[in-house]
Structures are given as structure tokens and as C-alpha cells.
Amino acid sequence: MTGGHLRIVVCGAGPATDVAQLVTAAQERSWTTAVTATPSALDFIEPEALETLTGHPVRSTYRSSPSTGRCLPATDALIIAPATYNSINKAALGLADNYALTSVAELIGRRVPTVIVPFVNAALAARAPFRHAVASLRDEGVRVLLGAEDQWEPHPPGSGNERQRAFPWLVAFTTAVRLAAESRSAAASQPRS
Ligand SMILES: Cc1cc2nc3c(=O)[nH]c(=O)nc-3n(C[C@H](O)[C@H](O)[C@H](O)COP(=O)(O)O)c2cc1C
């Protein structure tokens, strides 16, 4: 039995290299996964290895091929991790200038439970556009894991390599599972029309 289907969107930051940790954590709890990558993220990941692990194509463009043409299962939860300064700002504005961000825009619009785990340094996180973007995404119901309460703070500039090892893959997954369960029970308690 599957727990659900998780869509993972990876952006171009160091922890993308370790996204298999999230795939494995999900699989151990009977979730299926598919990875979507921004064009920049392709420099950080090994698409073939992830395709073997997930059983689904790693999509990063609209181009379909014999392997990418296959439909993905319906999505029960979305995790954007690592989420870059660039993609967080764009997602908050609703920009959809690549396949990954178009998917994000649509899945958030469909009210799919969404967790974002930023990987940004403190200088970028201090910028007004970023702070507004986080607030705006939270306003839309997106769970952004950032701040003292989430025990996930922006790192000092230049310290990304050390911080990468602490990237909270498991917290992201357990948060997404909880949001998906809440969403399912809210849907079940809706009166049928
Ligand atoms: C080696 C390397 C590491 C990077 N690390 C980060 C990072 O930790 N956080 C971040 O926001 N951007 C980081 N960047 C910059 C992003 O890759 C860049 O802003 C890119 O445009 C992001 O594209 P995307 O949001 O579409 O993935 C890094 C770039 C390189 C080349």
C-alpha cells in the first residue's frame, strides 16, 4: 500500500546533491516520489540515478521524450527543497518561466499541501524581496520551514558547505505527510454536493 505520491522540486543549491535522502525517507514510509528539477539544479543532481531510484523521469523541461512522456501519478504533497533565493522569489510572484516553476504554480493553485525548505545565506534572506516572498507564500497556505521555530535559520555567507549536511530532509517529509493527512481529513469532512 502506498502512503501517497510526493513531488519533489529541486533548485540549484548544494543540498540538491543529497535529494536521494528525501526519496529514500519517503520510500521507507511507502510513499512514491518523482523529482522535477529547475534547469540550474541539473548541475547538482544525477538524473539517471534518481530515475532508477524513483522509477519516474526527472523532468526539467516541457520537452517530452519516450521516457519523460509518461504521466506522473496524482500528487498528494509537494516539497520544494532545496529552494533557492531565486525560485522562492519567483514562486511567490507566480512566475512560471521554467517547467519546475510552472508545476509549482499549478500545484499550489490546486491546494496541494506544499512544503518549502529554503537554502539561502543570511545576506540573501535579509533582502526585502525574500522576506516578502516568504510571507506571501505563507499567506497562501504554503509551509515554509524557516526561522527559529523551525530550527532552520539562514547560514552565514560562505558557510553553505557545512550547513548542507544539516539540511532537514526528514523534517520536510514528516511535515508534508502531516499536511497531506490534514488535507485528506478536511476533504473527507466536506459535505458532498
Ligand atoms: C555552486 C553553486 C552553489 C549555489 N548555492 C546556492 C544556494 O545555496 N542558495 C541559493 O539561493 N542559490 C545558490 N546558487 C545560485 C543559484 O544556483 C542561482 O541563483 C540559480 O539562478 C538558481 O536557479 P533556480 O532557482 O532556477 O534553481 C548557487 C550556485 C552555484 C553555482
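This is a predicted model: local features need pLDDT of at least 70, side-chain atom pairs count only at pLDDT 80 or more; totals for chains, interfaces and linings use all residues.
Residues are numbered from 1 along each chain as its sequence is written.

The sheet comes next. Helices (H or I, at least four residues) and strands (E, at least two) are DSSP runs, numbered from the N terminus. Two strands pair if DSSP finds at least two bridges between them. Five strands form an open sheet in the order 2-1-3-4-5, and their pairing is parallel. Strand 2 and strand 5 (143–144) are the edge strands, each pairing on one side only.

Strand 1 (residues 4–10) pairs with strand 2 in the parallel sense over seven bridges. Besides the pair named at the outset, His5 has Thr32 of strand 2 as its bridge partner. Strand 1 also runs parallel to strand 3, to which four bridges join it; here Leu6 stands opposite Ala77. Further along the sheet, strand 4 (residues 114–118) and strand 5 pair in the parallel sense over two bridges, and Val115 has Arg143 of strand 5 as its bridge partner.

A crossover is right-handed if, with the strands pointing away from the viewer, the path from the first strand over the helix to the second runs clockwise. Strand 1, helix 1 (residues 20–28) and strand 2 make a right-handed β-α-β unit.

Burial can be followed with a simple count. A residue is buried if 20 or more other C-beta atoms lie within 10 Å of its own, exposed if 12 or fewer, and partly exposed in between, with C-beta atoms placed from the backbone. Strand 1 is largely enclosed by the rest of the structure, because six of its seven residues are buried. Strand 2 (residues 31–37) is likewise largely enclosed by the rest of the structure, since six of its seven residues are buried.

Buried residues also build the core. A nonpolar core is a set of buried Ala, Val, Leu, Ile, Met, Phe, Trp, Tyr and Cys residues joined through C-beta atoms within 7 Å. The largest one has 55 residues, and those with the most contacts inside it are Val10, Leu22, Ile79, Ile88, Ile116, Ala172 and Ala176. Helix 8 (residues 169–188) supplies the largest share of this core, seven residues. Two residues are in contact if their C-beta atoms, placed from the backbone, lie within 7 Å. Not counting residues up to four places away in sequence, Ile79 touches Leu6, Ile8, Leu22, Val115, Ala172 and Ala176.

A residue is near a molecule or strand if its C-beta atom, placed from the backbone, lies within 6 Å of it. Around the ligand there are 14 residues, of which Cys11, Gly12, Ala13, Thr38 and Thr84 come nearest. Helix 3 (residues 85–93) gives the most to this shell, with three residues. Ala, Val, Leu, Ile, Met, Phe, Trp, Tyr, Cys and Pro count as nonpolar, Asp, Glu, Lys and Arg as charged, and the others, Gly among them, as polar. By these classes the shell has six nonpolar, eight polar and no charged residues.

A few backbone details deserve a look. Most residues other than glycine have a negative phi, and most peptide bonds are trans. The peptide bond from Ala81 to Pro82 is cis, with omega near -10°, and Pro82 is found in strand 3 (residues 77–83). Ser30, in the loop between helix 1 and strand 2, has a positive phi near 70°. Ser30 counts as exposed because it has 10 C-beta neighbours inside 10 Å. Arg111 has a positive phi of about 65° and lies in the loop between helix 4 (99–109) and strand 4. With 12 C-beta neighbours inside 10 Å, Arg111 counts as exposed.

Finally, Gly3 is found in the segment before strand 1. Gly3 is partly exposed, because 16 other C-beta atoms lie within 10 Å. Leaving aside neighbours within four places in sequence, Gly3 is in contact with Arg29, Ser30 and Trp31.
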